[in-house]
Amino acid sequence: MTIDLDPWRRRLDPLLDPFVATVVGVLSLLPLLRMDDGCGCPSAGWWAYGIVAAQCAPLAVRRLFPFVAPLATGVATMAYGITDLPDPPVPYAALVSLYTVAAYAPRAWANGAGAFAVAGVAAVFVVDWPQWDAEDLSVSVLLMSTAWLLGEATRSRRDRAAQAEARAAQLERARAAESEAAVAAERNRISRELHDVVAHHVSMMVVQAEAGPVVVHADPDRAAATFDAISSAGKQALAEMRRLLGVLREEGAAPLAPQPGVTALQGLVDGVREAGLDVRLAVRLPDEPLPPAVDLTAYRLVQESLTNCLRHAGGGHVSVEVGSRAGALHVRVVDDGVGGTVRRRDGGHGLAAMRERVQLVGGTLEAGPRPEGGWAVTASLPVSAAVAR
């Protein structure tokens with residue numbers, strides 16, 4: 001069981017300096033009190049008690065005024081030293097004041113206070129020469145140096161603690177920023193995957209469902225094939241979403257199915273053809289395997305482009321060309337439908353997702369209507385840059 005002492009420290013901290021001033025005052029008054037206790041020594045005058053009070057009183061606010069208070073104590077201590085009053089065994093007030101200025105005052109002031117203390121001891125030694133000797137001087141300088149070094153050690157320890165706290169806070173902020181960036185990147189990735197999967201399959205289902213009532217009476221066999229295609233697209237969409245949601249629910253490493261690539265484009269095109277869109281596919285791949293990022297990006301670009309064609313091309317013809325040249329994989333999807341004469345209304349997410357995917361592999365993307373009608377999507381995906389990444 002641990003006891004938290006911080007609340008008590010905070011409550012007692014304002015009383016610490018007055019307590020130190022009181023203790024130092026009592027110790028400094030003892031030589032004067034011995035003069036008045038009937039031992040035959042001459043009594044000390046009121047001014048002697050005033051000098052001691054001037055020495056000790058500033059210590060009650062020593063940390064509030066870490067230079068002015070020790071300076072007042074130092075001056076009063078020098079005044080006491082050049083009198084004929086009995087000296088205490090140790091100059092308590094001077095030592096506490098020198099420790100305070102070294103520990104809490106700005107470093108330049110602390111260094112000046114140390115030099116002032118040495119000069120003060122030397123001045124008292126010269127003025128009060130008959131009562132001082134080299135041993136007294138050496139002991140005084142040693143005590144003052146020890147008090148200053150203790151204060152300097154306290155300052156250094158406090159500075160190191162502050163620096164450590166600042167570094168810890170900075171690292172915590174950096175970790176929080178990295179975590180937020182990672183979460184945002186993962187959300188964007190999942191959003192892109194869901195958009196690609198849902199938009200494509202649902203678009204195919206909608207197109208085929210709209211064509212179903214037309215052919216159900218005229219061509220029952222074709223209607224049955226249309227409904228089978230709707231069922232197949234729905235099952236594929238559910239499977240893809242279950243895979244993504246399964247990854248999100250897994251605490252450890254989730255088993256992942258292979259991501260689609262350019263070699264899966266034929267199956268993608270076949271599904272779109274079943275939805276009634278005339279698609280021509282031409283793929284020319286390099287001998288060496290494509291980087292996974294480029295392979296997936298090319299597939300998603302074609303998938304998103306065909307989805308837009310289903311929505312907007314109005315039953316036109318589509319040409320899909322994928323080829324490799326000059327160290328890059330080039331993807332081009334062109335349709336001659338009516339979609340090029342109006343603005344694509346996909347909420348901006350489709351084209352934005354395509355641009356983001358292409359940028360992630362260091363490629364370029366151009367998408368827009370063609371002068372002769374229709375729509376064109378052209379992308380260049382550098383293979384060497386993706387391998388370097």
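Contact here means heavy atoms within 4.5 Å of each other, and helices (H or I, at least four residues) and strands (E, at least two) are DSSP runs numbered from the N terminus. This is a predicted model, in which local features need pLDDT of at least 70 and side-chain atom pairs count only at pLDDT 80 or more, while totals for chains, interfaces and linings use all residues. Residues are numbered from 1 along each chain as its sequence is written, and side-chain values use heavy atoms, with hydrogens and water left out.

**View 1. The protein chain as a whole, with eleven helices and five strands.** Of its 389 residues, 39% count as buried, a term that stands for under 20% relative accessible area, with exposed for over 50% and partly exposed in between (1.4 Å probe, protein chains only). Among contacts in the chain with a separation of 6 or more, 69% are accounted for by residues 24 or more positions apart.

**View 2. Helix H3 (residues 68-81) beside helix H5 (residues 107-127).** The axes, lines fitted to C-alpha atoms over the stretch in contact, with angles running from 0 to 180 degrees between N-to-C directions, come within 10 Å and cross at roughly 10°. H3 and H5 are therefore roughly parallel to each other, a class for angles under 35 degrees, whereas those over 145 count as roughly antiparallel. Leu 71, Val 75, Met 78 and Gly 81 of H3 meet Phe 116, Gly 120, Ala 123 and Val 124 of H5. Sorted by class, this contact of H3 with H5 has six nonpolar, two polar and no charged residues, where Ala, Val, Leu, Ile, Met, Phe, Trp, Tyr, Cys and Pro count as nonpolar, Asp, Glu, Lys and Arg as charged, and the others, Gly among them, as polar.

**View 3. Helix H2 (residues 46-56) packed with H3.** On H2 the contact is made by Ile 51, Val 52, Ala 54 and Gln 55, and on H3 by Ala 72, Thr 73, Ala 76, Thr 77 and Tyr 80. By class, the contact of H2 with H3 has six nonpolar, three polar and no charged residues.

**View 4. Ala 326 in the loop between strand S2 (317-325) and strand S3 (328-335).** Most residues other than glycine have a negative phi. Ala 326, although it is not a glycine, has a positive phi of about 55°. At 83% relative accessibility, Ala 326 counts as exposed.

Note on methods:
Angles under 35 degrees count as roughly parallel, over 145 as roughly antiparallel, 65 to 115 as roughly perpendicular and the rest as oblique.
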